Amino acid sequence: MPAVTVRLGAATASLLISTPPLRPRERRAPPAAAAVGAGVLLRSVLATPGPRGPLPAMAQTHDAFSPPASEERVEIMNKHGERLVGLLHNTGSNKIVVLCHGFIATKSDSLILDLASALTKKGSSAFRFDFSGNGESEGQFEYGNYRKEADDLYSVVLYLYQKNYDVTAVVGHSKGGDVVALYASIYDNVRTIVNLSGRFDLNKGIEERIGEGSIDRINKEGYLDIKDKFENFNYRVTKESLMERLNTDMHAASVSIFKECRFLTVHGSADTTIPVDDAYEFAKLIPNHKLHVIEGANHNYTAHRKEVADAVVDFIMTNGV
């Protein structure tokens, strides 16, 4: 039985479109760590402070016995020939954790930065990157792309293994939480998975984000352009990308995760973007699962960064980092 801290009320969103589920493909064993595969280094240069300015206060602090990690910009080719841009935080340890951002976010999301800081303070190296079509990485942004992003993650993990790193865990927030769960259902080369605020039922939450009646418009016209409050173009949702999301079956993915995989789900009890009930659904189905609910936390853990970082780091460190 999973460990549970707090429970919140039921989710209210309803099924929007009924489509046949697409089950994840049969798990493929990865090549040996030293094999040459999809993750190919294109360029590696020392990173310099970017236009976003200094890191948040939490991301700048270090334990007295843990010197600041060096930062190195890395580009990795995915299976589609697109460059994925990442930042390697090297503490000198070959133990490394990969951090995955959420929807319309990047590797420089403040939560991802805080997690990287928390991990390096404990001596673990960390790698954060932009999925294809996001941030600095190449490719077309898509509303869905769950399976493609899982394949992007595979390219990153394979590259790190080729560079003699030991990938001890992958961590994903929001959509990234679904991606790491899907990854664990397909590949078995990472033994610890952390899902932060991932959505279990991907049929839900669509019109809450892109507007009431949007699904009918997409079905009729084939796409919908999403604009910000100033009517500036933000991104396009195509019918194909919408259907890819709807056909991504997290129930099938959850029951396909191998039992030796240690899986942590963290969720905020006050999350109004993805209700905490989704976390309980993951907990019911994933074989080797721990559930940690943070009382009062929202979707981005805005006022609970230390709690979420501690939960993630403690879980990973107990697995031998």
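Student: How do the residues lining the largest cavity divide into nonpolar, polar and charged?
Tutor: In this predicted model, the lining divides into 4 nonpolar, 3 polar and 3 charged residues.

Student: Which residues line that cavity?
Tutor: The lining consists of His101, Gly102, Phe103, Ile104, Phe131, Asn134, Phe141, Glu142, Glu149 and Lys175.

Student: And what volume does the largest cavity have?
Tutor: Its volume is about 40 Å³. A search of the whole structure turns up 1 cavity of 30 Å³ or more.

Student: Switching topic. How many salt bridges does the structure hold?
Tutor: There are 15 salt bridges. One of them pairs Lys107 with Glu136, with the closest N and O atoms 2.6 Å apart. That pair links distant parts of the chain, 29 residues apart. Lys107 sits in the loop between strand S4 and helix H2, and Glu136 in the loop between strand S5 and helix H3.

Student: Is Lys107 buried or exposed?
Tutor: Lys107 is buried, because its relative accessible area is 8%, and the cut-off for buried is under 20%. Glu136 is partly exposed at 44%.

Student: Where do Lys306 and Asp310 lie?
Tutor: Both are in helix H10, 4 residues apart, which is about one turn of the helix. Salt bridges that share partners also join Arg73, Glu75, Arg83, Lys107, Asp130, Glu136 and Glu138 into one network.

Student: What is the N to O distance between Lys306 and Asp310?
Tutor: The distance is 2.6 Å, and their side chains form a salt bridge. Lys306 is exposed at 55% relative accessibility, whereas Asp310 is partly exposed at 32%.

Student: Last one: how many disulfides?
Tutor: The count is 0. Cys100 is buried, at 0% relative accessible area, and Cys261 is buried with a value of 0%.

Methods
Residues are numbered from 1 along each chain as its sequence is written. This is a predicted model: local features need pLDDT of at least 70, side-chain atom pairs count only at pLDDT 80 or more; totals for chains, interfaces and linings use all residues. Side-chain values use heavy atoms; hydrogens and water are left out. A disulfide is a pair of cysteine sulfur atoms within 2.5 Å. Buried means under 20% relative accessible area, exposed over 50%, partly exposed in between (1.4 Å probe, protein chains only). On a 1 Å grid over the protein atoms alone, a cavity is a set of points where a 1.4 Å probe fits but cannot get out, and a pocket is an open set with protein on both sides within 12 Å along at least five of seven lines; lining residues have an atom within 4 Å of a point. Grid points are joined across faces, edges and corners, and a volume is the space filled by probe spheres set on the points. Ala, Val, Leu, Ile, Met, Phe, Trp, Tyr, Cys and Pro count as nonpolar, Asp, Glu, Lys and Arg as charged, and the others, Gly among them, as polar. A salt bridge is a side-chain nitrogen of Lys or Arg within 4 Å of a carboxyl oxygen of Asp or Glu. Helices (H or I, at least four residues) and strands (E, at least two) are DSSP runs, numbered from the N terminus.
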